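Walk me through this structure, one piece at a time. I have the sequence and the model open, and I want to know what to look at.

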Amino acid sequence: MTSLLRGYGRGLVLAFFALVLIWGLMLIILPQLTMLESALTPPRQALGSSVALELRRDAQTCASVLDRYKAPAPASSGGLAIPSPSMMAVPSPSGMATPSISGGSPAGARPYILQCDRATTHRQLPDGTWIDETQGLPVLSVRESDTIPQQIETAQQIATLAQGLFDRLKQQEATAFPYSAGNFATLLAPRLIPLPPDQRAAIEATLSNRLYRLLGLRFDQGGETYERLGLTTLVRTLTFAVMATALALAMCYPIAYKVALATPPERAVWLFLGLVIPYAIVELMRIYAWTTIIDNQGLINGLLLQAGLIAEPIQFKRMAGTIFLVIVYTYVLFMVFPIFNVMSTLDRNQIEAARDLGAGPFRVHRRIIIPHAKPGIAVGCIATFMLAAGAFSVPRIISRGLQAEWFSQTIYNKFFESENSNVGAAYSFAYTLVCFALVALFMWIMRTRLKDFARVQ
């Protein structure tokens, strides 16, 4: 701090720290606090007042629809008229007027109405209790066996009771503590997985099922199979992100070593140009370009079919390895550049001295190059992992819905497909914490500190 003040002056240093504070506040702290508030706020459909409001609307709709059947249909004195060939109306052969659905119509005189079937005070609240049992309401239902006027009267009574219940619950919710962890609990909630007997045996024998059961993501209860779908998607996505990061490291480390230490500077420029030039194209276009390569009628399948090596196209869109490959291609520079920047600072005389002392290539990398490049490896792995864990366009475009969705897709669906943004915010915030925890664990394993990243320029 003293050197900063001496070199740049108090005013410039204060302005710099003020800008950093504003940057962190606007782009990091405030968005996360907003996300946390949304995650701790119960969604509307999880409130008891929303159930009461839905009950009132169903009862009112039921009464309104039934009222149309109550009014008698107009009837002519001569019976139902039908058009004659001469364009003149003549009495119908039966000479009878069409009957109207009046108040004394028998049971089954009206068609099935969904709102009438749902207009009942025996409805479950979000906490699992029943309205008639916990809120002191009488048990009322619109029964088809009653006459139309009786059904209308019952529906109106239910609507009145639901309105009173809505006002009471709304007042209670306004004075209650506004936050809860219920949205986070949905991440761990088990869901029933209906499995026919013939499929159950086949799924039980798979390795993934055994791993899910070992981790507690899938279990049996009462003869039925349950799975924690949200947590399963989270674990699978993190596993895929780690595998993609490992694949990127295995591919990029030799490239970085070749460019930084095993290639003359004039040739290294051309190698870098070969890496950078494809990234002048927009990322989305590069991803779509891969679909023309892996498609059933794409480049790879076309060449293999013409060569007679395969009889049918290979379903690359169903292979998880295809997503790994495209992710590595998309984010390869985030792995190569940090490793290259640190490796380029290594004195090549150390490598020559190790070789003169009899060290083989593997020992040179293990004892000299990797320890020196460790900060660059850590930065590259962290950047690639975070980008892979948050990848949305790559798995969505490459798989086209033919593979299990990644957690980023689940969050997107919660926000925009199911209109359940509160649960989506909980998923997003929990995902951020888990990724940060994994990054911290990785830094601890690598024995790297924040100040070591200063070597990665």
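Start with Arg447, which sits in the segment after H20. This is a predicted model: local features need pLDDT of at least 70, side-chain atom pairs count only at pLDDT 80 or more, and totals for chains, interfaces and linings use all residues. Residues are numbered from 1 along each chain as its sequence is written, and side-chain values use heavy atoms, with hydrogens and water left out.

Arg447 is not a glycine, yet its phi is positive, about 60°. Most residues other than glycine have a negative phi. Arg447 counts as exposed because its relative accessibility is 54%. On this scale, buried means under 20% relative accessible area, exposed means over 50%, and partly exposed lies in between, with a 1.4 Å probe and protein chains only.

Arg400 also has a positive phi without being a glycine; its value is near 55°. Look for Arg400 in the loop between helix H18 (393-399) and H19. At 43% relative accessibility, Arg400 is therefore partly exposed.

Now step back to the whole chain. The secondary structure comes to 20 helices and five strands. Helices (H or I, at least four residues) and strands (E, at least two) are DSSP runs, numbered from the N terminus. The chain has 457 residues, of which 34% count as buried. Take the contacts between residues at least 6 apart in sequence: 69% of them join residues at least 24 apart. Contact here means heavy atoms within 4.5 Å.

Return to H20, the helix that Arg447 follows. H20 covers residues 421-446, 26 residues in total, and should span 38 Å at 1.5 Å a residue. The expected span is 1.5 Å times one less than the number of residues. The end C-alpha atoms of H20 are 37 Å apart, so the two values agree.

Which helix crosses H20 at roughly 160°? It is H17 (residues 361-389), and the two axes come within 11 Å. H17 is therefore roughly antiparallel to H20. Axes are lines fitted to C-alpha atoms, for helices over the stretch in contact, and angles run from 0 to 180 degrees between N-to-C directions. Angles under 35 degrees count as roughly parallel, over 145 as roughly antiparallel, 65 to 115 as roughly perpendicular and the rest as oblique. The crossing of H17 and H20 is right-handed. A crossing is right-handed if the near helix is turned clockwise from the far one by less than a right angle, and left-handed if anticlockwise.

The H17 side of this contact includes Lys374, Ile377, Cys381 and Phe385. Among the H20 residues they meet are Tyr431, Phe436, Val439 and Phe442. By class, the contact of H17 with H20 has 15 nonpolar residues, no polar and one charged. Ala, Val, Leu, Ile, Met, Phe, Trp, Tyr, Cys and Pro count as nonpolar, Asp, Glu, Lys and Arg as charged, and the others, Gly among them, as polar.

Stay in H17 for Gly376. Gly376 is buried because its relative accessible area is 0%. Pro338 is 38 residues away along the chain, yet the C-alpha atoms of Gly376 and Pro338 are separated by 4.6 Å.

Next comes helix H19 (residues 407-417), which holds Ser408. Ser408 counts as buried, at 12% relative accessibility. Ile411 is buried as well, with a relative accessible area of 12%. Ile411 touches Gly424, Tyr427, Ser428 and Tyr431. Ile411 and Ser421 are ten residues apart in sequence, and their C-alpha atoms are 8.6 Å apart in space.

Helix H12 (residues 283-294) packs with helix H14 (residues 320-330) at an angle of about 145°, with axes 11 Å apart. Their crossing is right-handed. Glu283, Arg286, Ile287, Trp290 and Ile294 in H12 meet Thr322, Leu325, Val326, Tyr329 and Thr330 in H14. This contact has six nonpolar, two polar and two charged residues.

Helix H10 (residues 229-260) and helix H11 (residues 265-276) also pack at about 145°, with their axes 9 Å apart. H10 contributes Ile255, Lys258 and Val259, while H11 contributes Ala268, Leu271, Phe272 and Leu275. Six of these residues are nonpolar, none is polar and one is charged.

Conventions
Lists of a residue's contacts leave out its neighbours within four places in sequence.
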